[in-house]
Amino acid sequence: MIKIDSKLCSGCGTCKEICPVDGVRIIDGKAVANEQCIDCGTCVASCPTQAISQA
Ligand code: SF4
Ligand code: SF4
């Protein structure tokens, strides 16, 4: 599963919109990955604040 740095996340929702499997929710203005995530990596490059990384 991807890692999202909540300190860098602005809550813009881009990762949620781009995710093909609904793997991200926005909770209290921060993106949180969930078990739906298949580690496709699509959202990593989409994040404008580089908050998302892959292990
Ligand atoms: S794209 Fe980046 S900044 Fe925007 S909600 Fe997702 S993790 Fe946060
Ligand atoms: S890595 Fe792929 S499946 Fe996982 S949250 Fe990002 S876009 Fe969705």
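**View 1. The whole chain, element by element.** Starting at the N terminus, the order of elements is β-α-β-β-α-β. That makes 2 helices and 4 strands, where helices (H or I, at least four residues) and strands (E, at least two) are DSSP runs numbered from the N terminus. This is a predicted model, with local features needing pLDDT of at least 70 and side-chain atom pairs counted only at pLDDT 80 or more, while totals for chains, interfaces and linings use all residues. Residues are numbered from 1 along each chain as its sequence is written, chains are lettered from A and ligands numbered from 1 in the order in which they are written, and side-chain values use heavy atoms, with hydrogens and water left out.

**View 2. Overall dimensions and surface.** The C-alpha trace spans about 25 × 20 × 15 Å along its principal axes. A compact globule of 55 residues would have a radius of gyration near 10 Å, and the 9 Å found here agrees with that; the radius is taken over C-alpha atoms, and the globule rule is 2.2 Å times the number of residues to the power 0.38.

**View 3. The largest nonpolar core.** Twelve is the tally to look for: the 12 residues include Ile2, Ile4, Val24, Ile52 and the cysteines Cys9, Cys15, Cys37, Cys43 and Cys47. Such a core is a set of buried Ala, Val, Leu, Ile, Met, Phe, Trp, Tyr and Cys residues joined through side-chain atoms within 4.5 Å. Buried residues make up 33% of the chain (buried is under 20% relative accessible area, exposed over 50%, partly exposed in between; 1.4 Å probe, protein chains only). Of the contacts between residues at least 6 apart in sequence, 51% join residues at least 24 apart, a contact being heavy atoms within 4.5 Å.

**View 4. Ile4 in strand 1.** Isoleucine 4 belongs to strand 1 (residues 3-4) and counts as buried at 18% relative accessibility. Setting aside neighbours within four places in sequence, Ile4 contacts Cys9, Ala31, Val32, Ala33, Ala51 and Ile52. Glutamine 54 is 50 residues from isoleucine 4 along the chain, yet their C-alpha atoms are separated by 8.9 Å.

**View 5. The two ends of strand 2.** Valine 24 lies in strand 2 (residues 24-27) and is buried, at 2% relative accessible area. Beyond four places in sequence, its contacts are Ile2, Cys15, Lys16, Ala31, Val32, Ala33 and Asn34. Isoleucine 27 is in strand 2 too, but at 45% relative accessibility this residue is partly exposed.

**View 6. Two aspartates with positive phi.** Aspartate 22 sits in the loop between helix 1 (14-18) and strand 2, with a positive phi of about 60 degrees although it is not a glycine. At 35% relative accessibility, Asp22 is partly exposed. Aspartate 28, in the loop between strand 2 and strand 3 (30-33), has a positive phi of about 50 degrees and counts as exposed at 78%.
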